[in-house]
Structure formats: structure tokens, C-alpha cells
Amino acid sequence: MQIKKSSEVYDVVIIGSGAGGGMAGYVLANAGVKVLMLEAGPFFDPAKDSQQLKWPYESPRRGGNATRPMGDFDASYGGWQMDGEPYTQKDGSEFQWFRSRMLGGRTNHWARISLRMGPKDFKCKTAYGVGDDWPITYDEIKPYYDKVDRLIGVYGSMEGMDNDPDGIFLPAPKPRLNELFVKKAATGLGIKVIAGRGSVLTAPLPGNKDRGACFFCGQCNRSCKIYGDFSASSCLVIPAINTGNLKVITNAVVREILTNGDGLATGVSYVYKDDMQEYQVNTKTVILAASTCESARILLNSKSSQHPNGLANSSNVVGKYLHDSTQGGTAVILPQLLDRDRFNEDGVGSLHLYAPWWLDSKKLDFPRGYHLEIFGGMMMPSYGGYFGFEGVTTPYLNGYLPGRDGKMKAGGGYGAGLKDDYRRFYGTMAGVGFHGASTAKEDNYCEIDPGVVDKYGIPVLRFRYKWGTDDVNQAKHMQQMAGAMLKQLGGIPLIQPAGPETNYGLDKPGKGIHEVGTIRMGDDPKKAPLNKWGQTHDCKNLFVTDGSVFTQQSEKNPTWTILALSMRTAEYILEQRKKQNV
Amino acid sequence: MNRRDSLKAIGIGTLTAGAVLTGCKPGETAENVQVATTGREAFEIARDKGLVKETYFDAHEMATITVLADIIIPKDAKSGSATDAKVPAFIEFIAKDEPQHQLPMRGGLRWLDVQCLNKFGNAFIDCTSKQQTTLLDEIAYPALAKPNMQQGVAFFNKMRELTAIGFFTSKMGIADLGYKGNAPGKWEGVPQDVLEKYGLENV
């Protein structure tokens, strides 16, 4: 075995091809920079590889979850666990880490919910008295949000809300029938419900000839064959490859970033899965965008005499301040919709309706808020995915509602009567998900497990994450809201109310798949690895552009902010290249 | 990309979408699918190929599953039976694909046979239709079932769930439910008459 070293020196090597890596690659390649992108998984082009428009019976498991945790058609290679690539926990931590190893990463299957953070979100300490302020303001980021909106496309409605800034919107899709019931119930509780905001082309994207407009199959999680929604693969990396300036090596698992005697980055070493050989490539600049936790892992594994604590980690903060959204929710069967009308209600595969945080946290026992995501409608009958087989509750619920003859009967059964009940209950489910902001804390972190390596011999991550009192109080409030919504809706609840013994139904950390913060931005090099441009304080030709850069998350889903910040960092690199600083 | 090009790109071309999407090639039933390879990881393809070669349930178990499935979802005026929709084959596959079903199914089928042997002197499939439903009535209604029948309730819940999944995700079952989507269209919201029916026109 030997290490295969290339003599070529790239302008930039980007580690990772998701939202953060994809955007940086797109900007740099379009500016004529010679870029090499390393992706740990295989090539994935939604035009060819998407499972869009398949019927459940085209899967032997009818869409089941055996190999893909979000269903057989979901566009994610990977999941909560990956064979031969473990992660460990300490202090009873239960952090859940979702990885997608493929071109475009997790953007191939995400829900396309595309929210801007607001002015107060960038100044958490000042506005809410907890966490830390970002070293940047909303006004500094706004031009990049605007450019991302124009480049990629996002639908929404103009609302003029202070901390939920409007974007440059395509028309919002209309709500489904079931969602209107939830909207009515929420409105009755004084909650302002507005159109969702999603990166789906509900109308043609001006100036873009490569992407088709949405045809409303509601299957964004399978990724879109006509590029009608945003995936980093279809909308950023593949167009960047087409410039001739960006080369991708897939199945390249990065081991470490290499540095020289001056402590500057000089290259990247990786394992090529196809031949299991070791490779090294040379570069003038490195952009790290392997995902929040994987990027921290790479830095911590990149030790040298100049960077004994891991690369860019003189602050000893890399891996710390890991934080994910809080999550809760409820679902109901709406009896008024029994035997409901049939029509194609697929809509878009993102959010039709949502409610931005609507209360004043100063009057509550937790500092930050959460938003509501409303769902429901006549979904394709299927097994697996988020909801499993919708009819699974029918033989339990048919004992709670009168039959066609107006008479009650015992729940359960078999035969023609039961068969008819499945028809009657079909398409009657609706619900709401709550997604909240958690405050970044130093003692929630990932670190290198000193005793465990993966199948490539790379030391793995060990997690330590505990929800705090604020998080639990927020979950308690979510439960109260769920109860109030259920009362207002008048349906049959499908989820039992949760109490203190389960942290009020608070999902395990990581389950939100909004984890951020492990390589945070901050002006003080002693307290944060990155400056406000996403450049490491310790190593000026090393930049980070994924979710790890977040100083503090908000209740807004992070992808749109990752894209805006990555674009800004890439433009900064272009400026610095002109000045010959990197 | 305009709409026509979009449809071409996803392989629908100028034919009506419905005909292509729901149609099958001659001699091929939709449910009798080959192992898909496009857009799937190598380990998934290898796993699927392995699973279709394996057999889990024996002939007697499959015969019992077939009888039970058709009792749970019989043919009626609107659609065929569970067997018509090849539900037993689905149950055989899913038990290999999701091994957590194996023990409850195998043990449950045996439990059922022993109950029938004790009560009627025959295995379940050799009982009369009346005897079969007499036994099932004791396990098909969870809230009414006696304490000594709870293992049977657990088995029947699973059997009923797998049967319903198999049926309502088949082409026949989806048509029965009246699902209208999974086809390119233009979503313009809930039809006005439906909104009015539920008093939601101003929501």
C-alpha cells in the first residue's frame, strides 16, 4: 500500500457537495477558478437517479424503510446508521446523526423549506439574552439571501413581518383541504398562518433554461427529474461541472486536511472507496463543507505540530456548541372528512402553510420560539416514509365513529365492512409539526472518540448532547399548543399527549436534522474558530461553508442561510484571490 | 424548460400521462417487478437480489396466510380480493425484508392452528368457513377479546396490517381508494364546490 500523490495544484479543493459545498463550487467555477470537489458518496443526478413518479408497487417493499429510513423512494443514500461508519455517545447522550453520502448530500431529499433568519436571530444575545450574537447582521446577509432567491427560486407570500423577512418570491401553492382545517383551527387560537416558503419552482425561474417548473407531484423528497426543486446536485454542482472549471471525485472519503510548516493548508488526503487506496491532492485553498459534524471531525482529525489540537482549533471550540432544532407535533383524523371527495391533491413536496413564531418569549419560561408546519391531504397510499401506511389506524378508529348505517360497532374486524372502512378513512389525516430554536451550549458537543475508528481507519465522532431546561419548557409549550389545536380541530388524536417523563415528547437531539454550530463564527479567535467570512482564524487559506459555521440557530430551517453564507464566503475568496491573500 | 420538454424529460412524452404511468407492458404485471437498479446503492441492489431468492414461509404457512388475507380483504363490488392483488407474495417479501415480522407471524400462525386443533380438530385452513370466523371473532376485535386470546389479538393485528398494506399499495388497492395523484398536473387548490361543502371558502 502506498499514498498516491497528485502533482497538480488546484486553486480550491472543496470537501463536500451539499448546500454549502455546492454553492461555493458554483460561485467559484463560474468565476473561472479551478476547483476540485471531493464527495464521500457516489454521483447522483436527479434527472437519472430519482425515484420520482414510481408507484408503491414498483418497490418490492411498497416504499418501506428497510434500507432507507425515510422510505424506499426517498433520495438519500445513507441514514441514521451507516455500515462500517459508526459514531458513539457519552454520558447517556442519544444524539442521532443523519448522513447522506451522495452528490448533493442531504439536499436531495430535504423538504425544501427555505426560510431566512431574521435580524433578531443574528443577535440572539442582544435580543433574547441567551447564547451569543453572530459577528454579522441581517443587513449584511440580506443581499446574499436575495441573490440565492433569484438564483435558486423560492415561493412564498409577502407578509412584512419583522423577524421573518420576506424574500423574492415565486407564487405560493394553494393549501390542501385538510390543511385548511388546521389553518382554521390555528387562526381560531390567534395564530397567524401564512403560505409556506419553499425552494420549488411553482413558476418558471426567470433566466434559467435548465430547470423545469414544478408539475405538482408532491414528491420533492425523491428529488426532481426536471430540477423543479432545489438540490445542490441538480442546481449547483452539475451546472458547475458544466462550466469546465469544477471536477468532482466521488466516493472520496476525506481523512484529513494537510498543512505545512507555516500552518497553512496545502492539500487533502482521502480514501478512494472504489479501490480503497490512499490519495493526496494539492491546493492553494481548502473549503470545508462536509456537514456540521463531519467537518468538525475532519478538523479534529487534522492534527499537526502547528495545530496540535486539531486544525483551526486553537480556541478549543471545534465540535462544541453543537445544536439542533427542538421538535414536536401532533396529528388527527378529521371525522368530517370521512368519505371525502377525491381529487389530485399532491401539491408540492414542501410546505403549503406555516405559522412563524407568534408569541412574545419574554412572557414565557423559554427564551426562543418555534414555528408551525401544517400537513395533511390525500397522500399516495404507501408504506414507509414519515407516516408509514396511512390506513394503519383504520381498524382501531372504526370503533370510535358510526358506520355508514349510523350505528357504532366494535373496533377492528375483517371482511367487506373493514375494507369499506379503509376507503372511508382514507385522506382524513391532518397535523402540525413544531420546530423550535435551541440555544447553542458549550457542553453539547462532538469530539473524537479516542478508542474507535471506522472501516477506513478514521477516528469517529463521539457525541455528548443533553436538552436543557429551556428546550424542555419549549416542548411543554408545544404540547399545550397541540392540545389546544386538537380541541379546536375536534378530531381523533393519533398521538398521545406527552408529559415530563418523556421531556414532553421532545424528539432526540439530531432528529431535526438541523444540527449546526460546531465550527462557529466569532470575532474573537479565542472563542470561535471562524471569522465573519467563514475563514478560520488560525489558517487563512481554510474556509468553512456548511451548517457548522452557525453561531446560533433560530427556529428557521438552516439551509437558506447556509446557501447565503456559502455564497458570501465564496465571493470573499474571489476578492482575496485578486489581492493574492489566498 | 417548458412543460412539454419537462414531461419528455421524465419519460412521459406526448402520450397521456395516465396511460403510461398506470399501464404495464404485455406479460408483465405491475406487482411482479424486477429488482430496481437505477438510483440505488450497490448494497441495496445486492440485498434485493438476495431476498427474492430466499423463502421464509413454508407451504402450509403460505396457505394459511392466503386464506386469512382473503378473509380480511375479500372481493367486493368495487375491487378484487387480497389474493387477487398478490398480497401473500408481499407478506412473504416483507417478512424477509423486515425480519421483526418473522417470529410474530410464524408463532402466530402456529398459535392459530393449535387453537383450531383444540376447538375443531383441524388446522385453520382445514376448518369450515364458519369455524374459521368463529375463531377470528375472538381475536379480531381488540376491545372485546378475552384475556386468554391476547396473543391471538396481537397476531391478527399484525396480519391485518400487513394485508391492508399489501392490498392498498397495489395497483388494484390504489384504484379502489380513488387516489388521483402521482401524475403531472397543475395544482390550483381545492375545488370551489368542495371548499363550500365544508365552509372553508374564506379560510
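User: Which residue is the bridge partner of Ala331(A) in β14(A)?
Analyst: Gly431(A). This is a predicted model, where local features need pLDDT of at least 70, side-chain atom pairs count only at pLDDT 80 or more, and totals for chains, interfaces and linings use all residues. Residues are numbered from 1 along each chain as its sequence is written, with chains lettered from A and ligands numbered from 1 in the order in which they are written.

User: How many bridges join β11 to β14 of chain A?
Analyst: 8, with β11 (326-333) and β14 (429-436) of chain A running antiparallel. Strands here are DSSP E runs of at least two residues, and helices are H or I runs of at least four, numbered from the N terminus.

User: What sheet are they in?
Analyst: An open one of 6 strands in chain A, β6-β12-β13-β14-β11-β17, paired antiparallel. Pairing takes at least two DSSP bridges between two strands. At the edges sit β6 (194-195) and β17 (492-493) of chain A, each pairing on one side only.

User: OK, the hairpin. Which residue in the turn between β15(A) and β16(A) has a positive phi?
Analyst: Gly457(A), at about 80 degrees, in a hairpin with 5 residues between the strands. Glu447(A) is opposite Arg462(A) in β16(A).

User: Switching to chain B: how many of its residues are in contact with chain A?
Analyst: 61, against 65 residues of chain A. Contact means C-beta atoms, placed from the backbone, within 7 Å. Helices of chain B supplying at least two residues each to that side include α3 (42-53) and α8 (150-168).

Conventions. Contact = placed C-beta atoms within 7 Å.
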